[in-house]
Every structure is written in structure tokens, then in C-alpha cells.
Amino acid sequence: GSRLRPMTCTIPKPMVKLCGRPVSEYILDLLSKHGCTDAVFTLRYRGSQIENHFESRRYKRVGLDFSYEEEPMGTAGCVKKAIEYGGFGGEDNFIVISGDAMCDFNLSAALSYHIKSGADATIITTQVDDPREYGCVISKNGLVTGFSEKPSYTGAVSDYVNTGVYVLSKKVLDLIPADTMWDFSKNVFPQMLQNGMKLASYEEKGYWCDIGDFTSYKRCQRDMLRGLVSCEFKRDVPQMEGVKIIAPCYIGSSVKIGAGTVVSAGSVIGDNVTVGRGCKLWESVICEGAFLSDRTKCNGGIICE
């Protein structure tokens, strides 16, 4: 989460809040919605904060466990460790999903597609306007034929990108060496193509946003407020005397706002925030516990806790 510093200096990226809730909770909502009963977090940077947040080791219908990396093991190495740690070796298929990206994909449909196609692994892809910041997936008739990592504008042969959400059969685990740094995009998927294994691409039309930087962090919350994401958060906005609040926006609990202040649509105000009199907030994010003095103007800004 280096691009989200200083916000991630004190918390891991999956604990960054979107409209009052950690992004990892939205992902667990999605897993619960689609019938997932067990999940393992694979953790490293400040991982104990995530484990402490979910100290009951259960979220709705999902039982939780936590696997730690002592040294970086890559996207695939840590998954193999987590599956073995969680005792899921007897399962036929696994879903791998990022705990720091917002999405509302139809995981049930993706899993059904994976099983019916007989694929060894299925990459969930989505179409983006500008593929230059992503790993592009090249496919034909639903099967992956190649990849293009962060292509130039003229070199982008596909605008469908790898979302980091996968359905894997257990035979894929055999391609991942134990206790070794190993990546899906760099190692596993190219090896599958080389070995002639069936690697499918499932094109998803739902919402997906990688919370990788502050631009996407703000954009995602605006999209949530506008109803572009299927997710749950507190939507009621309190009425405050002398304060003009223009919907849609998010206002947390125990928030104090002085008279004459205008809060525009698209703004997000966390818990225990104090805003002075005569302030103007326009599409800004004010994190928990922040204090804004009288006549402050914040235009598209982010005020950390």
C-alpha cells in the first residue's frame, strides 16, 4: 500500500475504509453472499490488525483463518501456503480474491463457468477504458492465449484486464513450489500455457476498482454513493441545523458540523470528525477524528485521521 501513504503508514491496505467500512469487509460480504463458508487471509504487512479486527474468526456465514508470510512469497506462493494452512487440500476448486479491491462480481456465475468449461484455472477479467496500468489478458473463444503487462497505448491489443480474482482447480497447486516466491501472472499462468493446460477467461460486467492510489480511493467512494456498486453501508444522512448537506454523501457517527457549512455531494466524513462553522467541503474525504477549523475550504481533498 505504498501509494496510499501516509494513510497506510499505520494500517494495512485491506483496513482502509470506504464509506465507513474496511474494504476487506465488503469482500467478505461478497463471499458470504455467494455461499462461501470458509476463507483464509494471507497476511504480511501489519497483518495482526486484520486478525484483531476479525477476532471472532467469523464474518456472517464465513469462517476465517489467517496465514502469515515471514518473507514475501508472491501472489501464488502465499496462496498455496494459505490453502495448506487452512486444510483445504481436499477441495476441488478455490476462489482467490484481493482483500484490497472493491468489486461486486457474480462469483457464483464465475465458479459455474469454471466447472462447466473444465478449465484448470479461470481468470476473471473486466473491460477498462485505459489498460496501460494493468495486466491485459488476450483470449479467444473463452481461453487465454497470452498476456500483455502494462502495455503502451499503441501496444494494447486487449482492453480486458486481469482483476486478480481467480478460480483454481487443485492441480494448479502442483505448479507452485513450496516456500518459494512465486506469482500467478509471472510464473503460474505462463507455465500453464506452456504445458497446454486449460486456462479460461471469464468476462465480468460488474464493478471493480483496485484501491491502489488516492485517485481510485476517492473515485470508488463516489461510485458507491452514486449507487454504481452493489454493497452495503450506512446511507442515511443526519439533518443538522444551519448545515447544508447535498446528497449523496456519507457522514459517520458522532460528527459535529458548525452552522453555515456546506457539504457537497460526493463527500465522505468519517466517525468523530469535527467541522467548524462556515466551511465548504466539495467531494472531499475527511477521515476519522479529523478537525477542521472555521471557514475551511476543502476542494477534492483527503484529510487523514
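Predicted model: local features only at pLDDT ≥ 70, side-chain atom pairs only at ≥ 80, totals over all residues.
1. Residues are numbered from 1 along each chain as its sequence is written, and side-chain values use heavy atoms, with hydrogens and water left out. A pocket here is an open set of points on a 1 Å grid over the protein atoms alone, where a 1.4 Å probe fits, with protein on both sides within 12 Å along at least five of seven lines.

2. Which residues lie nearest the centre of the second largest pocket? They are Ile11, Lys17, Cys287, Glu288 and Glu305, out of 26 lining residues (a lining residue has an atom within 4 Å of a point). Two or more lining residues come from each of S1, helix H2 (47–53), helix H6 (214–225), strand S18 (268–269) and S21. By class, the lining has 16 nonpolar, six polar and four charged residues; Ala, Val, Leu, Ile, Met, Phe, Trp, Tyr, Cys and Pro count as nonpolar, Asp, Glu, Lys and Arg as charged, and the others, Gly among them, as polar.

3. Two of those central lining residues, Lys17 and Glu288, also meet through their side chains in a salt bridge, at 2.2 Å from N to O. Lys17 sits in strand S1 (residues 17–18) and Glu288 in the loop between strand S21 (285–286) and strand S22 (291–292), so the pair ties together parts that are 271 residues apart in sequence. A salt bridge needs a side-chain nitrogen of Lys or Arg within 4 Å of a carboxyl oxygen of Asp or Glu. Lys17 is partly exposed at 33% relative accessible area, and Glu288 is partly exposed at 27% (buried is under 20%, exposed over 50%, partly exposed in between, with a 1.4 Å probe and protein chains only).

4. How many salt bridges does the structure hold? There are 13. In one of them, Arg21 and Asp29 have their closest N and O atoms 2.9 Å apart, and both residues are buried. Another joins Glu51 to Arg57 at 2.8 Å; Glu51 is partly exposed at 22%, as is Arg57 at 34%. Shared partners link Arg21, Glu25, Asp29, Lys60 and Glu232 into one network.

5. On the cysteines, the structure holds zero disulfides (a disulfide is a pair of cysteine sulfur atoms within 2.5 Å). The closest cysteine sulfur to that of Cys19 is in Cys231, 7.2 Å away and too far for a bond. Cys19 is buried, with a relative accessible area of 1%. For Cys298, the nearest cysteine sulfur is that of Cys279, at 9.6 Å; Cys298 counts as buried at 8%.

6. Finally, have a look at helix H5 (residues 184–195), where Phe184, Val188, Phe189 and Met192 are buried. These four cover an arc of only 85° around the axis, which puts them on the same side of H5 (the arc is that of the directions from the helix axis to the C-beta atoms). The face turned away from that buried side carries the exposed residues Lys186 and Gln194. After H5 comes Gly196, with a positive phi near 75°.
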